[in-house]
Amino acid sequence: MDSFPDRYGKWAVVAGASEGLGEAFAAALAARGMNVVLVARRGRILEEIGGRLAADHGVEVRCLELDLSDPGFPGGLEEATRGLDLGVLVYNAAFVPMGPFLGHDEDAI
């Protein structure tokens with residue numbers, strides 16, 4: 001059976017990788033032998049996570065401190081991943097208003 005990187009490509013991009021599910025997706029992909037590009041606004045945290053993933057799983061990690069809501073985000077991501085054998089994209093970034101659901105206006109939801 002083919003390995004995960006052989007099947008899907010050597011690199012994965014995980015947006016929203018600085019905590020929670022995004023961090024968990026990045027760890028799961030690294031554990032399967034995929035190199036990962038971690039993307040989020042908090043660069044220092046990405047570097048910590050990336051260092052741990054590289055040490056624990058022997059994969060390459062690139063950390064991109066980018067804001068996904070910035071209009072320049074697609075160009076920055078394209079430039080940073082040019083030439084990589086990308087096979088997986090996890091777009092896990094989101095904004096979730098905190099507090100009682102019915103207490104938020106429609107625009108916030």
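Me: What percentage of the 109 residues in the protein do buried residues make up?

Reply: Buried residues account for 33% of the 109 residues. The word buried means a relative accessible area under 20%, exposed means over 50%, and partly exposed lies in between (1.4 Å probe, protein chains only). The structure is a predicted model, in which local features need pLDDT of at least 70 and side-chain atom pairs count only at pLDDT 80 or more, while totals for chains, interfaces and linings use all residues. Residues are numbered from 1 along each chain as its sequence is written, and side-chain values use heavy atoms, with hydrogens and water left out.

Me: Which elements does the protein have, and in what order do they run?

Reply: There are four helices and four strands. From the N terminus on, the order is α-β-α-β-α-β-α-β. Helices (H or I, at least four residues) and strands (E, at least two) are DSSP runs, numbered from the N terminus.

Me: Where do the buried residues of H2 lie around its axis, and how do you know?

Reply: The buried residues in H2 are Gly22, Ala26, Leu29 and Ala30. They lie on the same side of H2, because they cover an arc of only 100° around the axis; the arc is that of the directions from the helix axis to the C-beta atoms. In general, an α-helix has 3.6 residues a turn, so residues three or four places apart point the same way. The buried residues of H2 pack against helix H1 (4–8), E1, E2, helix H3 (43–57) and E4. The face turned away from the buried side carries the exposed residues Gly20, Leu21 and Ala31. After H2 comes glycine 33, whose phi is positive, near 90°.

Me: How many of the residues of strand E1 (residues 11–15) are buried?

Reply: Five of its five residues are buried, and E1 is mostly covered. Trp11, Val13 and Ala15 point one way from E1, while Ala12 and Val14 point the other way.

Me: What makes E1 and strand E2 (residues 35–40) a pair?

Reply: Two strands pair if DSSP finds at least two bridges between them. E1 and E2 have five bridges, in the parallel sense, and the conclusion is therefore that the strands meet the rule. Valine 13 stands opposite valine 37 in E2. The chain goes from E1 through H2 to E2 in a right-handed β-α-β crossover. Right-handed means that, with the strands pointing away from the viewer, the path from the first strand over the helix to the second runs clockwise.

Me: Which strands does the sheet contain, and which of them are at its edges?

Reply: The open sheet has four strands in the order E3-E2-E1-E4, with parallel pairing. Strand E3 (61–65) and E4 are the edge strands, and each pairs on one side only. The twist averages 15° from one strand to the next. Five bridges join E1 to strand E4 (residues 86–91), and valine 13 stands opposite leucine 89 in E4. E2 and E3 are likewise joined by five bridges, with alanine 40 opposite glutamate 65 in E3. The crossover from E2 through H3 to E3 is right-handed.

Note on methods:
Contact = heavy atoms within 4.5 Å. Axes fitted to C-alpha atoms, helices over the stretch in contact; angles between N-to-C directions.
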